[in-house]
Amino acid sequence: MTEKESSAITEAEAALYDRQIRLWGLEAQKRLRATRFLLTGLSGLGAEVCKNVVLAGVKSIVLLDHQSVSELDACSQFLVSRDDIGKNRALASVTNTQELNPNVCVTAEDADIADKTEEYFQQFDVVCLTCCTYKTLERVNKICHDLGIKFFAGDTFGFYGFMFTDLNEHEFVEEKIVFKKKPPSADGEPQPKKQAFDKETSYLKRTINFCRLGDVLRKDWRLLTRKQFKSTPKVYFILRALWKFQEEFGRNPSPGNLENDKSELLKLRDEVVDELCLKTDYIVINDDFASHCAAEISPVCAIVGGVVAQEIIKAASCRDIPHNNFFFFDGLDSTGMVMCIDDSSE
């Protein structure tokens, strides 16, 4: 496993991070402490990711956003207030982010991720994009994949949310715990229930290869069986329709324009079904999804943001098996699912 340059943990940091050091070990915390992190999009979801990652103790975080705080942001983004409406979202989030953990270097940029060149990303170990179009996600993912930078993407649309991960070739340590039954005592009496088993912990080094988002988008869905279709979350196909909506209208569905946006989403849903040659007797995407895709809902942001941050921490610390490669959340059904989607027919 390729080790990052070790970042010394001071006594004060050891006390601050005591619980998580007990959880995943000092070496994992050192790797996390050396991580340079870029977060794009300071929406409600971005705020959740930011909070969790900063509290975990990365080396530095750059908040990047070209959008201003809106009325809707003030309802779901807890790093800003209503007094910040009209200000840049990244710049307005710095003060409260820094207060979460003074040991993390927090900076912000008022800029569009779509304008950044390949050289810009070389200064980071982990990149996470939210509030981006799929074309921007695909472009930045390709850059990060080629540079060996760990890439995450996520977004929420009303009751729906997703996370995509590309860790390239990722090496990590997996903890295995086995309970073995103790032999009878010397006098032949069985062990008391609470003492009947020995706990043995082992650590295995493993490697997983991830694919790029572009590979996912090229998947041929005509080759899948009914069973494979049934196991694919409908949120993925809803997401494809939402990406087309962003591309066509340059925004997300809006609560203030819900009726018109619903009609457009249903048309785009049908386009996705035709373009991917989906068999409608295999998978059904009901019309009611279009009524639940507008605005950010704080609980959905908290759930998806918690999963994204968890996976970033696991990837940066090289501990535990990562989600490969999608997480989908359906707030209407209160279900979340991890699924690997690539360009194969399996």
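Analyst: The model is predicted, so local features need pLDDT of at least 70 and side-chain atom pairs pLDDT 80 or more, while totals for chains, interfaces and linings use all residues. Residues are numbered from 1 along each chain as its sequence is written, and side-chain values use heavy atoms, without hydrogens or water.

Strand 2 (60-65), helix 5 (73-76) and strand 5 (150-157) each contribute at least two lining residues; helices (H or I, at least four residues) and strands (E, at least two) are DSSP runs numbered from the N terminus. The largest pocket has a volume of about 750 Å³. Its lining comprises 36 residues, of which Gln-67, Arg-89, Cys-131, Arg-251 and Asn-252 are the closest to the centre. A pocket is an open set of points on a 1 Å grid over the protein atoms alone where a 1.4 Å probe fits, with protein on both sides within 12 Å along at least five of seven lines; lining residues have an atom within 4 Å of a point. The volume is the space filled by probe spheres set on the points, which are joined across faces, edges and corners. By class, 12 lining residues are nonpolar, 17 polar and seven charged.

Arg-89 also belongs to a network of salt bridges with Asp-65 and Asp-73. A salt bridge places a side-chain nitrogen of Lys or Arg within 4 Å of a carboxyl oxygen of Asp or Glu, and the structure holds 25 of them. In another, Arg-319 and Glu-175 meet at 3.1 Å, N to O. Arg-319 lies in the loop between helix 13 and strand 9 (326-330) and Glu-175 in strand 7 (residues 169-181), so this pair ties together parts 144 residues apart in sequence. Arg-319 is buried, at 9% relative accessible area, whereas Glu-175 is partly exposed at 29%; buried means under 20%, exposed over 50% and partly exposed in between (1.4 Å probe, protein chains only).

The side chain of Glu-311 makes a polar contact of 2.8 Å with that of Lys-314, whose backbone oxygen is reached by the Ser-317 side chain at 3.4 Å. Such a contact is a pair of N or O atoms within 3.5 Å, one able to donate a hydrogen and the other to accept it, where residues adjacent in sequence count only if both atoms are side-chain atoms.

Key. Nonpolar A, V, L, I, M, F, W, Y, C, P; charged D, E, K, R; others polar.
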